[in-house]
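Please consult the sequence and the structure alongside the text.

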Amino acid sequence: MRLILLGPPGAGKGTQAQRLVEKYGIVPLSTGDMLRAAVREGTPVGLKAKDIIERGELVPDDMVVQIVSERIDQPDAKNGFILDGFPRTVPQAEALDRMLREKGLSLDGVIELKCDEGILLDRINKRIGETAARGETVRPDDDPEVLKKRLVAYRAQTSPLVTYYSKRGTLRTVDGMAPIPHVTAAIGQALDGHAGRPPGRRAPSGTPRKTARPAPKRGASGKRGAKSRRKGRAAGSRKRAKAPRGRVAGGRRRPRKTVKKPARKRGRRG
Ligand code: AMP
């Protein structure tokens with residue numbers, strides 16, 4: 001199962017991603033978490049990303065595309081993954097499409113958590129208060145002013161992805177403002193509803209298509225029309241040699257019409 005979770009900051013993507021991870025046995029792939037880890041570890045990527053993250057801006061596309069590509073190649077991502085926080089721009093989505101195609105993979109669905117920005121600001125303020133009350137460190141970008149900036153960035157750069165994926169028929173929209181278990185249930189329903197073949201795999205080559213071959217044109221009754229029957233008789237008199245011939249039921253001879261010579265030359269042996 002390969003999924004994308006789309007939604008503004010504070011929409012609860014992390015919580016829902018965790019639940020999907022447990023349900024499908026896939027790995028969470030949060031670019032925000034990966035970038036924060038890089039900052040903590042002081043890697044070259046982390047050093048470049050630190051200030052950008054703290055300002056609530058987006059790190060350059062190529063940097064984030066590279067870390068996602070490397071993460072997808074890890075053995076634990078073979079069973080699938082859920083992308084949280086990536087893609088965040090249309091160029092990132094296009095890069096992801098290319099990357100997956102090159103790796104012979106495909107997406108199973110894109111879940112959009114639809115949210116009200118005013119409520120999100122309240123939520124984030126609550127989260128900051130709770131984190132501080134537990135004596136834990138508040139994330140530098142968990143700040144109302146930074147959140148406002150991140151929401152503006154989401155609206156401008158990430159929300160076009162809703163159109164991008166809805167055009168491709170992969171988007172499933174869920175009410176992100178509902179209680180957490182309801183959101184989880186709605187996501188489950190959205191994903192199960194779309195399941196056709198086993199997720200994440202292309203149909204093996206040689207798999208018969210589901211669409212049936214078009215039926216030969218017939219009249220509304222399903223029988224061949226008079227024109228078609230006439231045509232068949234005229235053009236196919238030789239072919240009709242295969243039709244039962246000789247005597248009809250009751251022992252009478254079938255009256256010959258246009259065909260003079262015996263319709264079948266070879267006698268049947270045995
Ligand atoms: P998040 O935890 O997903 O809200 O991400 C935290 C911060 O990491 C963002 O505000 C960005 O600065 C950076 N970031 C995370 N994902 C991306 C991405 N896909 N593209 C660019 N910047 C990102």
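Among contacts in the chain between residues at least 6 apart in sequence, 69% join residues at least 24 apart; two residues are in contact if their C-beta atoms, placed from the backbone, lie within 7 Å. The model is predicted: local features need pLDDT of at least 70, side-chain atom pairs count only at pLDDT 80 or more, and totals for chains, interfaces and linings use all residues. Residues are numbered from 1 along each chain as its sequence is written.

**Fold**

The chain contains 10 helices and 5 strands. These elements are DSSP runs numbered from the N terminus, helices being H or I with at least four residues and strands E with at least two. The 5 strands form an open sheet in the order β2-β3-β1-β4-β5, with parallel pairing. At its edges are β2 (27-30) and β5 (171-175), each of which pairs on one side only. From one strand to the next, the twist averages 20 degrees. Two strands count as paired if DSSP finds at least two bridges between them; β4 (residues 109-114) and β5 pair in the parallel sense over 5 bridges. I111 stands opposite R172 in β5.

Helix α8 (residues 160-167) lies across β1 (2-6), β4 and β5, and runs at about 130 degrees to β5. Such angles run from 0 to 180 degrees between N-to-C directions, the axes being lines fitted to C-alpha atoms, for helices over the stretch in contact.

P87 is found in the loop between β3 (81-84) and α5 (90-103). The peptide bond from F86 to P87 is cis, with omega near 0 degrees.

**Core and burial**

Buried residues make up 22% of the 270 residues in the chain. A residue is buried if 20 or more other C-beta atoms lie within 10 Å of its own, exposed if 12 or fewer, and partly exposed in between. The largest nonpolar core has 39 residues, and those with the most contacts inside it are L5, I82, L83, I111 and L113. Such a core is a set of buried Ala, Val, Leu, Ile, Met, Phe, Trp, Tyr and Cys residues joined through C-beta atoms within 7 Å. Beyond its neighbours within four places in sequence, L5 is in contact with residues including I82, L83, I111 and L113.

L20 lies in helix α1 (residues 13-24) and counts as buried because it has 23 C-beta neighbours inside 10 Å. Leaving aside neighbours within four places in sequence, its contacts are L3, I26, I82 and I187. M177, in the loop between β5 and α9 (180-194), counts as partly exposed because it has 16 C-beta neighbours inside 10 Å. With the same exclusion of neighbours within four places, M177 is in contact with C115, D116 and I119.

Two C-alpha separations are listed below.

| Residue pair | Separation in sequence | C-alpha to C-alpha distance |
|---|---|---|
| L20 and I82 | 62 residues | 7.8 Å |
| M177 and L120 | 57 residues | 8.8 Å |

**Ligand surroundings**

Of the 17 residues around the ligand, T31, G32, L58, G85 and R88 come nearest; a residue is near a molecule if its C-beta atom, placed from the backbone, lies within 6 Å of it. Helices α2 (31-41) and α3 (44-55) each supply at least two residues of this shell, and α2 gives the largest share, 3 residues. The shell divides into 8 nonpolar, 5 polar and 4 charged residues. In this division Ala, Val, Leu, Ile, Met, Phe, Trp, Tyr, Cys and Pro count as nonpolar, Asp, Glu, Lys and Arg as charged, and the others, Gly among them, as polar.
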